[in-house]
Amino acid sequence: MSSINIIPEANGFGAKITGCKLSALSASEIDEIKNAWYKHSVVYFPEQPLTFEELENFTQAIGEFGKDPFIKPMENHPHILELERKPDETATNFGAAWHSDWSFQPTPPSATILHSKIVPPVGGDTLFSDNYRAFESLSPVMQSLLKSLKATHSANFAYSPKGILAKEDETKTRTMKILYDDTAEEVCSHPLVRKHPDSGRYALFVNPVYTTGIE
């Protein structure tokens, strides 16, 4: 019998999961976690200290490592990005604009895993958008129209040598090392509305940071 406890948020988006240890999950617990994630879109696990190796192992239990081309990873941990910010930094908070991680890639990652080590007592919240509900709230006519369209995506706005972050770093301080590159100008296309392969629900797949236009 599993001891996993899944507590949905009252607004119907997201769920808290307790009763498991992320550093020592069984195959059945991993399946339960995945099914909860498919159903609730965002799941979180309070009070789960993890070493970097344990974080990597949990990541691979969910899926394969993704490729992060424009941010320098942690030393000796090429699949972990440290979102570090010092008190005296003047640059904008990293990831401060609405985005879907790496949607500029031909095969974007299926998940993003965040593990907090040190958090400020006030502010710095990570917010999530329910793009299922955003699509489902549209009229049937608009849904039908959007399902027929494709959007173009590029990392140019954020990570090209002429992008907004590079310009900001010329005058402001930032601890994180961003790897600006001309390959950020490459463009790929994705359906404007995507069907999740596991939940079967349709979601808007568009964001102001990486979506550059509609074909």
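# Briefing on a predicted protein chain

The accessible surface of the protein chain comes to about 13700 Å², and 53% of that surface belongs to carbon and sulfur atoms. The model described here is a predicted one, and every value below was computed from it. The protein chain holds 6 helices and 8 strands, and buried residues make up 32% of its 215 residues.

**Overall form**

- Taken along the principal axes, the C-alpha atoms of the protein chain fill a box of roughly 55 × 50 × 30 Å.
- A compact globule of 215 residues would have a radius of gyration near 17 Å, and the protein chain, with 19 Å, agrees with that expectation.
- Among the contacts in the protein chain with a separation of 6 or more, 70% are accounted for by residues 24 or more positions apart.

**Charges and salt bridges**

- The protein chain carries 20 positive and 28 negative side chains, and the centres of these two sets lie 5 Å apart.
- A search of the whole structure finds 6 salt bridges, and some of them are described in the points below.
- One of the salt bridges joins K86 to E84, with the closest N and O atoms 3.6 Å apart. K86 has a relative accessibility of 38% and therefore counts as partly exposed, and E84, at 28% relative accessibility, also counts as partly exposed.
- Another salt bridge is formed where the side chains of E89 and R85 meet, at 3.5 Å from N to O. Here E89 is buried, because its relative accessible area is 10% and the limit for buried is under 20%, whereas R85, at 39% relative accessibility, counts as partly exposed.
- R174 forms a salt bridge with D169, and the closest N and O atoms of this pair are 3.0 Å apart. R174 counts as buried at 15% relative accessibility, while D169 is partly exposed, with a relative accessible area of 26%.

**Two leucines in loops**

- L22 is found in the loop between β2, which covers residues 15–18, and α1, which covers residues 27–40. With a relative accessible area of 7%, L22 is buried.
- Leaving aside residues up to four places away in sequence, L22 touches I33, F45, Q48, L50 and F58.
- L22 and L146 are 124 residues apart in sequence, and their C-alpha atoms are 39 Å apart in space.
- L83 is found in the loop between α2, at residues 52–62, and α3, at residues 131–136. L83 has a relative accessible area of 56% and is exposed, because the limit for exposed is over 50%.
- When residues up to four places away in sequence are not counted, L83 touches F94 and M176.
- L83 and N93 are 10 residues apart along the chain, and a distance of 9.4 Å separates their C-alpha atoms.

**Backbone angles that stand out**

- Most residues other than glycine have a negative phi, and the residues in the next points are listed for that reason.
- S41 has a phi near 75°, which is a positive value in a residue other than glycine. S41 lies in the loop between α1 and β3, the strand at residues 43–44, and it is partly exposed, with a relative accessible area of 21%.
- W102 has a positive phi of about 55°, although W102 is not a glycine. W102 lies in the loop between α2 and α3, and at 9% relative accessibility W102 counts as buried.
- The loop between α2 and α3 thus holds W102 as well as L83; of these, W102 is buried at 9% relative accessibility, whereas L83 is exposed, with a relative accessible area of 56%.

Note on methods: Residues are numbered from 1 along each chain as its sequence is written. This is a predicted model: local features need pLDDT of at least 70, side-chain atom pairs count only at pLDDT 80 or more; totals for chains, interfaces and linings use all residues. Side-chain values use heavy atoms; hydrogens and water are left out. Helices (H or I, at least four residues) and strands (E, at least two) are DSSP runs, numbered from the N terminus. The radius of gyration is taken over C-alpha atoms; the globule rule is 2.2 Å times the number of residues to the power 0.38. Buried means under 20% relative accessible area, exposed over 50%, partly exposed in between (1.4 Å probe, protein chains only). Contact means heavy atoms within 4.5 Å. Accessible areas come from the Shrake-Rupley method with a 1.4 Å probe; for residues, only the protein chains shown count as cover. Lys and Arg count as positive and Asp and Glu as negative; His and the chain ends are not counted. The place of a charge is taken as NZ of Lys, CZ of Arg, CG of Asp or CD of Glu. A salt bridge is a side-chain nitrogen of Lys or Arg within 4 Å of a carboxyl oxygen of Asp or Glu.
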